[in-house]
Amino acid sequence: MANTLPDRGFAGREYPATAPYSVGREKLREFASAVGAAHPAHHDLVAARGLGYPDLVAPPTFAVVVAQRAEAQYVQDPDAGIDFSRVVHADEKFVHHRPIVAGDELVTVLHVDSVTERAGIAMVTTRCEIFAAGDGADDSAREPVATVSSSLVIRGEDS
């Protein structure tokens, strides 16, 4: 029987920065509507600018849209050994360094912080560091925007 749990050797791995994600006004409005975020700053440009934002501001959980693009690098990596049909999302935490606003160009660096196995399941903790895309190749100059930490439970075949 093939191992259905992810490779523990991926703990500590860092994936390269994603291609920039362009935060669009309509994406923010759609997301805000989907999660019931009714604050005018998520929907109305005049309201957002009246509060001092340069454009529409994202609801705090919008960062997951950007983070999941980066997490896909790991989940879809054939060497990681993840069967996505066995994945259960256990936890998500957000730390915002500044608001996400329409017009942002965001890149994300994915870190696989831990992979542990117990009783036929694996617990995977990832951390996505989201930055404003810089105009140069120097990663240290990127402005931090948000950190999204996720915990995934991956069931083995017999779980």
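**Figure 1. Overview of the chain.** The chain holds three helices and five strands, where helices (H or I, at least four residues) and strands (E, at least two) are DSSP runs, numbered from the N terminus. This is a predicted model, in which local features need pLDDT of at least 70 and side-chain atom pairs count only at pLDDT 80 or more, while totals for chains, interfaces and linings use all residues. Residues are numbered from 1 along each chain as its sequence is written, and side-chain values use heavy atoms, with hydrogens and water left out. Read from the N terminus, the order of the elements is β-α-α-α-β-β-β-β, and the C-alpha trace spans about 60 × 40 × 20 Å along its principal axes. Of the 159 residues in the chain, 42% are buried, a word that stands for under 20% relative accessible area, with exposed meaning over 50% and partly exposed in between (1.4 Å probe, protein chains only).

**Figure 2. The aromatic pair of Tyr21 and Phe62.** Rings of Phe, Tyr and Trp (its six-membered ring) pair if their centres lie within 6.5 Å, and planes under 30 degrees apart count as stacked, over 60 as edge-to-face and the rest as tilted. By this rule the count comes to four aromatic pairs. One of them is the tilted pair of Tyr21 and Phe62, with 6.4 Å from centre to centre and 50° between the planes. This pair links distant parts of the chain, since Tyr21 belongs to strand β1 (residues 21-22) and Phe62 to the loop between α2 (45-50) and α3 (63-75), 41 residues apart. Both Tyr21 and Phe62 are buried.

**Figure 3. An aromatic cluster and a charge over a ring.** Phe10, Tyr15 and Tyr74 together form one aromatic cluster. Over the ring of Phe10 sits the charged end of Arg13, 3.8 Å from the ring centre; such a placement is counted if NZ of Lys or CZ of Arg is within 6 Å of the ring centre and within 35 degrees of the ring normal.

Figure 4. His42 lies in the loop between α1 (25-35) and α2, and it is buried, with a relative accessible area of 10%. Leaving out residues up to four places away in sequence, His42 is in contact (heavy atoms within 4.5 Å) with Leu28, Arg29, Ala32, Ala37, Leu56, Val57, Ala58 and Pro59.

Figure 5. Strand β3 (residues 105-118) and strand β4 (residues 121-132) run antiparallel and are joined by twelve bridges, and two strands are said to pair if DSSP finds at least two bridges between them. Glu117 stands opposite Ala122 in β4. Two residues lie between the strands of this hairpin, where Ala119 takes a positive phi near 50°. Most residues other than glycine have a negative phi, yet Ala119, which is not a glycine, has a positive one. Ala119 counts as exposed, at 81% relative accessibility.

**Figure 6. Strand β5 and Ser151.** Strands β4 and β5 also pair in the antiparallel sense, over twelve bridges, and in β5 the bridge partner of Ile130 is Ala146. Ser151 has its place in strand β5 (residues 143-155) and is buried, with a relative accessible area of 14%. Apart from neighbours within four places in sequence, the contacts of Ser151 are Val88, His89, Ala90, Asp91, Met123, Val124 and Thr125.
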